Amino acid sequence: MIIPAGSRSLPAPRAVCAWLLAPLRANEQPEPSRTRLGRLRPWIAVVAAVVTPFMAFDRSRVEGLEMGAAVAAAVAVSVTVALLGWQPLNAWRFAAAVAALWIIFGPAAEESVSVLPLALPLVLLVAGVAVLARHRRALGWAVWAWTVVLVLLGVTGEAAVLYLVVFTLVMLVVDAQRQRTRARAEAASEREARLTREAESMVLEERARIARELHDVVAHHMSMVAVQAETAPYRLEGVPDPVREEFGSIARSARAALTDVRGILTVLRDVDADVERAPQPGLDGLEALVDSARAAGSQVELTVTGRRRPLSAALEIGGYRIVQESLANAARHAPGAVVAVAVAYRKRELEVVVTNGPPTSPVASPATGDGAPDGGGHGLAGMRERAHLLGGDVAAGPTPDGGFRVAATLPLKEGTA
């Protein structure tokens, strides 16, 4: 006997009573249909409800009061069938109530074949199967128990045995199919969870590998740059003061980059690590960024138009990083060129345009130092990805005079001050 798990802690008689009362007082929605045919089931039930009365009885065999009883039974059957597609449990309740009332108050059967007339026993059995198919397993088998009682009381002779045997076999088949489907779903869920764990493990391994590479390559070389820049004025004789200041600027930039790299390494190795946080740069730091580029030898002009106002943190950081990357690219690929940075605060968007002229000095390749440009960076791709995350876009390309232009448009979110 299938008893709900919550009732198993009760004494046996009370547990059985709770199980048997569940079909009468349960208030649960049926499971949604998962197939196209299942979604059409309500409309199929309506059509069947219209056709059923014409197939349920033969008017030539009933007269007078019997005709009225037959019509009433046909209406009850039609209502039950119509409800099956939407509410199987309520359809069974309605059919069971009609059957119980008919057994108690209905007219006696003359031929001693059945107390229940017409298709009422059949539709009661169909409703019971529908309950098991779309409701809890324990509720479905409790419905089976009530249906068996009603059929035994309302159907006589071999017909009752035939009804119950077929009904029980169909219930067993439906129950087995549901259990098999549920087992498959649980297996698929476990497989998906395992694949997710494996993917997360691979991600963690890849993060650890990237962290090692960053530490071994970037952090090492930046540390060497910082140390050499700091010690150069003491190792070399007769270093002028402007050169000392230049070495100091290089050392400070290298140390700042090392701090950022250490933070990235910490996050890569441990997502939940408590990283020391510093305020993120924003558009109010553009002047300092431009001054730093000028100190490094670049000729930079900054123009800000529109009503300058605070934006969301993501927009502030995005605009700043796009200018920062554009200035770095201009210094790397167009040394000596004049760089124009234009930031426009518009009503619905932020526009950032960085344009540099053609290089006036030889472009040295980091790999060979022979003046070939380095085309293998990821700066433009990173700018496009950052703009895409903000809902904007970046247009970049050469200018007719041999320079380069980067134009980013970042939409302002509603509610931005």
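Reader: Quick one to start: is alanine 257 buried, partly exposed or exposed?

Author: Alanine 257 is partly exposed, with a relative accessible area of 25%. Keep in mind that this is a predicted model.

Reader: Why does 25% put alanine 257 in that class?

Author: Because buried means under 20% and exposed means over 50%, the 25% of alanine 257 makes it partly exposed.

Reader: Where is alanine 257 found?

Author: Alanine 257 is found in helix α9, which covers residues 241-269. The C-alpha atoms of alanine 257 and serine 223 are separated by 9.4 Å, and these two residues are 34 apart along the chain.

Reader: OK, zooming out. How many helices and strands are there in the protein?

Author: Twelve helices and five strands. The protein has 417 residues, and 34% of them count as buried.

Reader: And the surface, what does the accessible area come to?

Author: About 25,200 Å², with 60% of that belonging to carbon and sulfur atoms. As for contacts between residues at least 6 apart in sequence, 68% join residues at least 24 apart.

Reader: What pLDDT does the protein average?

Author: It averages 77, and 76% of the residues score at least 70. Over residues 56-65, though, the pLDDT is below 50, and that stretch has eleven contacts in the model beyond near neighbours in sequence. Residues 365-376 are also below 50, with twelve such contacts for that stretch. Where pLDDT is low, the predicted coordinates should not be read in detail.

Reader: Noted. Switching to α1: which of its residues are buried?

Author: Ala15, Ala18, Trp19, Ala22 and Pro23.

Reader: What do those buried residues of α1 pack against?

Author: They pack against two helices, α5 (88-105) and α7 (137-154).

Reader: What span should α1 have, and how far apart are its end C-alpha atoms?

Author: Helix α1 has 14 residues, 12-25, so at 1.5 Å a residue it should span 20 Å. Its end C-alpha atoms are 20 Å apart, which agrees.

Reader: You mentioned α7. I'm looking at threonine 147 in that helix. Buried or exposed?

Author: Threonine 147 is buried, with a relative accessible area of 0%.

Reader: Which side chain does threonine 147 have a polar contact with?

Author: The side chain of tryptophan 92, in a polar contact of 2.9 Å.

Reader: And which residues does threonine 147 touch, leaving out those up to four places away in sequence?

Author: Trp92, Leu124, Leu125 and Phe167.

Conventions. Residues are numbered from 1 along each chain as its sequence is written. This is a predicted model: local features need pLDDT of at least 70, side-chain atom pairs count only at pLDDT 80 or more; totals for chains, interfaces and linings use all residues. Side-chain values use heavy atoms; hydrogens and water are left out. Helices (H or I, at least four residues) and strands (E, at least two) are DSSP runs, numbered from the N terminus. Buried means under 20% relative accessible area, exposed over 50%, partly exposed in between (1.4 Å probe, protein chains only). Contact means heavy atoms within 4.5 Å. Accessible areas come from the Shrake-Rupley method with a 1.4 Å probe; for residues, only the protein chains shown count as cover. pLDDT is the predictor's confidence in each residue, from 0 to 100. The expected span of a helix is 1.5 Å times one less than its number of residues. A polar contact is a pair of N or O atoms within 3.5 Å; within protein, one must be able to donate a hydrogen and the other to accept it, and residues adjacent in sequence count only if both atoms are side-chain atoms.
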